Amino acid sequence: MAKPTSDDDTVRPFAAVLAEIGGGKLHARLSAQLAELTAAVTETGKKGQITVTIRVEHLKKADANTLMVTGSSN
């Protein structure tokens with residue numbers, strides 16, 4: 001795992017990053033999915049899961065330190 005490269009070497013909290021991905025849409029979708037999942041588990045007694053994918057890539061046509069962070073869930 002790469003070490004943070006900012007000047008102060010601080011790591012941003014994951015929850016803060018998650019709340020920003022897609023303008024907060026991923027966070028909202030995950031909240032709704034978790035509510036649906038917990039209701040389904042309570043109703044059926046079966047286990048369930050949510051899969052979250054976070055992608056990080058260099059932003060094209062930008063400097064080498066500019067990254068794009070996107071995410072999805074299912």
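**Figure 1. The structure holds one salt bridge.** This is a predicted model. The partners in the salt bridge are Arg12 and Glu20. Their closest N and O atoms lie 2.9 Å apart. Glu20 belongs to helix 1, which spans residues 14-20.

**Figure 2. The whole protein has two helices and two strands.** Starting at the N terminus, the order of elements is α-α-β-β. The protein has 74 residues, and buried residues make up 11% of them. Take the contacts in the protein with a separation of 6 or more: 27% of these join residues 24 or more positions apart. The predictor's confidence, pLDDT, averages 90 over the protein. A score of at least 70 is reached by 89% of the residues. Among the elements, helix 2 has the highest mean pLDDT, at 98. Strand 2 has the lowest, at 94.

**Figure 3. Helix 2 runs from residue 25 to residue 44.** Helix 2 contains 20 residues. From its first C-alpha to its last, helix 2 reaches 28 Å. That is close to the expected 28 Å, at 1.5 Å a residue. Just after helix 2 comes Gly45, which has a positive phi of about 80°.

**Figure 4. Helix 2 has buried residues and, on its other side, exposed ones.** Leu26, Leu30 and Gln33 are buried. Seen down the helix axis, the buried residues fall within an arc of 65°, so they line one face of helix 2. What covers these buried residues? The cover includes helix 1, strand 1 and strand 2. Now turn to the other side of helix 2. There, Glu36, Thr42 and Glu43 are exposed.

Figure 5. Strand 2 covers residues 67-73, and Ser73 is part of it. Is Ser73 buried or exposed? Ser73 is buried, because its relative accessible area is 15%, and buried means under 20%. The side chain of Ser73 has a polar contact of 2.7 Å with the side chain of Gln33. Another polar contact, of 3.4 Å, joins the side chains of Ser73 and Arg29. Gln33 is also one of the buried residues of helix 2. Leave out residues up to four places away in sequence, and Ser73 touches Leu26, Arg29, Leu30, Gln33, Ile50, Thr51 and Val52.

**Figure 6. Val52 lies in strand 1.** Strand 1 spans residues 52-58. Val52 is partly exposed, because its relative accessible area is 39%. Which residues does Val52 contact, leaving aside neighbours within four places in sequence? They are Leu30, Ser72 and Ser73. Val52 and Leu30 are 22 residues apart in sequence. In space, their C-alpha atoms are 8.5 Å apart. Leu30 is buried in helix 2, and Ser73 belongs to strand 2.

Technical notes
Residues are numbered from 1 along each chain as its sequence is written. Side-chain values use heavy atoms; hydrogens and water are left out. Helices (H or I, at least four residues) and strands (E, at least two) are DSSP runs, numbered from the N terminus. Buried means under 20% relative accessible area, exposed over 50%, partly exposed in between (1.4 Å probe, protein chains only). A polar contact is a pair of N or O atoms within 3.5 Å; within protein, one must be able to donate a hydrogen and the other to accept it, and residues adjacent in sequence count only if both atoms are side-chain atoms. Contact means heavy atoms within 4.5 Å. A salt bridge is a side-chain nitrogen of Lys or Arg within 4 Å of a carboxyl oxygen of Asp or Glu. pLDDT is the predictor's confidence in each residue, from 0 to 100. The expected span of a helix is 1.5 Å times one less than its number of residues. The arc is that of the directions from the helix axis to the C-beta atoms.
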